[in-house]
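I opened the notebook for this entry with the model beside me. I wanted to go from the overall division down to single residues.

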Protein chains: 2
Amino acid sequence: MKIVALAGGVGGAKLLSGLVLVIPPGDLTAIINIGDDFEWLGLYVCPDLDTVLYTLAGIANPETGWGIAGDTFHALERLKDLGLHTWFKLGDRDLATHVYRTHFLSLGCSLSQVTRSLCELNGIASRVLPTTDMQVPTRVQTDEGVLDFQDYFVRRKCAPCVRGFVFENVEQAKPAPGVLEAIASADAVVICPSNPLISIGPILAVPGIRAALRACTAPVLAVTPIIAGQAVKGPTAEMFAQLKMEVSAWAVAGLYQDILDVFVLDEADRDLAGRISSLGVEAITAPTLMDSLESKAALAGLVVRKLEQWIHKD
Amino acid sequence: MKIVALAGGVGGAKLLSGLVLVIPPGDLTAIINIGDDFEWLGLYVCPDLDTVLYTLAGIANPETGWGIAGDTFHALERLKDLGLHTWFKLGDRDLATHVYRTHFLSLGCSLSQVTRSLCELNGIASRVLPTTDMQVPTRVQTDEGVLDFQDYFVRRKCAPCVRGFVFENVEQAKPAPGVLEAIASADAVVICPSNPLISIGPILAVPGIRAALRACTAPVLAVTPIIAGQAVKGPTAEMFAQLKMEVSAWAVAGLYQDILDVFVLDEADRDLAGRISSLGVEAITAPTLMDSLESKAALAGLVVRKLEQWIHKD
């Protein structure tokens, strides 16, 4: 079963790492958010792509979910001594990825080409595609003005109150080579439990992708990033609240309503199943907290079995 | 006494570190070779400037003479895993310097401006000037063709036989701001025991610098980089031999003959003093091997006393 998964960083990478335990890794194509990408001291940093790369390569830091396990921060400490802002934590081994990517981008390679090379060099059998090869930086509209995404997210630690998001230049963006083809030929599509607004949102905003998901015959399944009104990690719950949205799996399902066939909500939220069904989406419950290799594989296994049932139900 | 010193990397930095022990560091202006500079994976690396910066900042690796003491090589190891050439050994803390420099150069700063900032940030009281703000890369003419300097020097470990050197674009180069002014207002000039062909040569090749040294009223003193037919470090002796030059302090003095007042040769070479005097240069002998802090300070002290005598001899 060829699965296409849409994912952001840490939460998405968890489910991806479960999926490659239950399907052949070569059958997985991951389409990754690039709205968080930014330039730092001339280096081009793609936080979500890197988290997914490191996770699928088995070298991600298990404590943080991002960065490389056992990495040191000697270059960063020196840059701090040299008076530079170092609120974005780049490890020494991690830095190699950014030096590599920046160098090959400057030679004229596209982000997808560099990402493919990095996958091969890291021994990753799955396909990892950036959403687009163009730059569509996420800007956060807040009560303190419009902020660059990493400025809001890392430096300000999501403190300003969110009013909305702008995915700059997204109207002009094209899906990266292979993205639409992967969706059209997928046996199933999985929307990972990433932030719907700032991780999955920027993917769906690239012209053509949402339409391709609406048009595809494969079932589209999403896993909730919200459990009992709380996000497992990150500012998802606070953002929903600040935007006057209900902080619940139901609200997440509503954002995907037009493309969704199945929604996996946590067992703790089973009372929401009826409301989600009324959106025209099949709701199933599962333990969705992925805090161990076993729970990642178990959730991925449940997702794959559900998709197989759906495919063969006719 | 305001001293201007011309220097390359390790050998030059040793005498500079001695000089700042015997004169107020703020009285020293060092003009540094930039012919070895190169771009590596998009990062602009200035090996001689960095060796001098790290040495004057007191953070140089005492074993190698280059790089930062106690540095790690985690980024480099990752880049090697990513299939890139990593024969130039860049440590993690060292990498911060190159990221910093490359970033500010890309913002439009000149190499002298970035170097001044790096000096201030590293607490260096002396002035460190690149020879020029333009790029004048040294190419090595060898029996295996023309090689980029670091390709010859680091990757090929000086194995190809040298036929000559080209300092590319040097005819168009201008001395960096402050270089000619420093020479004109110096009380004394010291040519450090750096390789005369590939460290001091590229400095003297920048139009205006050799003429300024010839014209200046301050005494010009050079310290031999060759002791008893051998270089303390690096390929100086082999290069002289390959170019059919005599491998001796006399040959070094000959290269500086037109600008030189005093030549310091090693005690082991005292029989060369007569031949050097016949070049019109005063020859003095000293222990020139700098293998300890004491010997660096002692040689620097002897140099400064000699220059003081010369200045006050009238």
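Into which domains is chain A divided? I noted domain 1 (3–136 + 170–312) and domain 2 (138–167) for chain A, with bounds that come from an automatic or database domain assignment. I kept in mind that this is a predicted model, in which local features need pLDDT of at least 70 and side-chain atom pairs count only at pLDDT 80 or more, while totals for chains, interfaces and linings use all residues. Residues are numbered from 1 along each chain as its sequence is written, and chains are lettered from A and ligands numbered from 1 in the order in which they are written.

**Between the domains**

Taken over C-alpha atoms, the centres of domain 1 and domain 2 of chain A are 20 Å apart. I found that 17 residues from domain 1 of chain A and eleven residues from domain 2 of chain A take part in the contact, where two residues are in contact if their C-beta atoms, placed from the backbone, lie within 7 Å. On the domain 1 side, α8 (196–204) and α10 (236–242) of chain A each supply at least two residues; helices here are DSSP runs of H or I with at least four residues, strands are runs of E with at least two, and both are numbered from the N terminus. The largest share of that side, four residues, comes from α8(A).

**Between the chains**

I then looked up how chain A meets chain B, and found 22 residues of chain A in contact with 22 residues of chain B. On the chain A side, α3 (74–81) and α4 (92–106) are the elements that give two or more residues, and α4(A) gives the most, with nine residues.

**The core**

The largest nonpolar core has 201 residues, and A5(A), L16(A), A5(B) and L16(B) touch the most other members. Such a core is a set of buried Ala, Val, Leu, Ile, Met, Phe, Trp, Tyr and Cys residues joined through C-beta atoms within 7 Å, and a residue is buried if 20 or more other C-beta atoms lie within 10 Å of its own, exposed if 12 or fewer, and partly exposed in between. Both domain 1 and domain 2 of chain A give residues to this core, so the core lies between them. Leaving out residues up to four places away in sequence, I listed L16(B), L19(B), L28(B), A30(B), V190(B) and C192(B) as touched by A5(B).

**The sheet**

In chain A I traced an open sheet of seven strands in the order β5-β2-β1-β9-β10-β13-β14, with parallel pairing; two strands pair if DSSP finds at least two bridges between them. β5 (127–130) and β14 (282–286) of chain A stand at the edges with a single partner strand each, so one side of each has no neighbour in the sheet. Strand β1 (residues 3–7) of chain A pairs with β9 (residues 188–191) of chain A over four bridges, and I3(A) has A188(A) as its bridge partner in β9(A).

**Two loop residues**

Most residues other than glycine have a negative phi. I noted that C158(A), though not a glycine, has a positive phi of about 60 degrees; C158(A) sits in the loop between α6 (149–155) and β8 (162–167) of chain A and is partly exposed, with 16 other C-beta atoms within 10 Å. K157(B), also not a glycine, has a positive phi of about 50 degrees, and K157(B) counts as exposed, with 10 C-beta neighbours inside 10 Å.
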